[in-house]
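Here is a short briefing for a first look. Please keep the sequence and the 3D view open while you read.

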Amino acid sequence: MVKRYSNGEVTVIWKPDLCVHSGRCARGLPLVFDPRRKPWIELQHADTATIVAQVERCPSGALAWERDAAARSE
């Protein structure tokens with residue numbers, strides 16, 4: 001299973017099977033990543049650069065990101 005969350009600029013990809021539950025995402029950006037909430041990822045709470053930087057800190061690779069097509073064409 002893979003889940004995708006987009007803000008129109010980037011899509012955050014979550015692969016739960018890879019997640020080691022380090023909590024780094026939730027501690028780093030608690031308004032964006034809140035495992036008690038459904039959906040647990042809400043990208044509207046931070047700017048794109050901050051989200052990308054936090055996703056890149058994921059130690060397991062369970063979180064990844066890609067630039068959205070609309071953002072690439074600008």
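Where is His 21 found? His 21 sits in the loop between strand 2 (10-14) and helix 1. Helices (H or I, at least four residues) and strands (E, at least two) are DSSP runs, numbered from the N terminus.

This is a predicted model, in which local features need pLDDT of at least 70, side-chain atom pairs count only at pLDDT 80 or more, and totals for chains, interfaces and linings use all residues. Residues are numbered from 1 along each chain as its sequence is written, and side-chain values use heavy atoms, with hydrogens and water left out.

**Backbone features**
- His 21 has a positive phi of about 55 degrees, although it is not a glycine.
- His 21 is exposed, with a relative accessible area of 65%. Exposed means over 50% relative accessible area, buried under 20%, and partly exposed in between (1.4 Å probe, protein chains only).
- Lys 38 and Pro 39 are joined by a cis peptide bond, with omega about -10 degrees.
- Pro 39 lies in the loop between helix 1 (24-28) and helix 2 (48-55).
- As background, most residues other than glycine have a negative phi, and most peptide bonds are trans.

**Glu 42**
- Glu 42 is placed in the loop between helix 1 and helix 2.
- Glu 42 counts as buried, at 17% relative accessibility.
- Neighbours within four places in sequence aside, Glu 42 is in contact (heavy atoms within 4.5 Å) with Leu 31, Val 32 and Arg 37.

**Nonpolar core**
- The largest nonpolar core has 16 residues. Such a core is a set of buried Ala, Val, Leu, Ile, Met, Phe, Trp, Tyr and Cys residues joined through side-chain atoms within 4.5 Å.
- Val 32, Phe 33, Trp 40, Ile 41, Ile 51 and Leu 63 touch the most other members.
- Strand 2 and helix 2 are the elements that give two or more residues to this core.
- Ile 51 is in contact with Asn 7, Val 12, Leu 29, Val 32, Leu 43 and Ala 46, leaving aside its neighbours within four places in sequence.

**Cysteines**
- The structure holds zero disulfides (pairs of cysteine sulfur atoms within 2.5 Å).
- Cys 19 is in no disulfide; its nearest cysteine sulfur, that of Cys 58, is 6.5 Å away.
- Cys 19 is partly exposed, with a relative accessible area of 23%.
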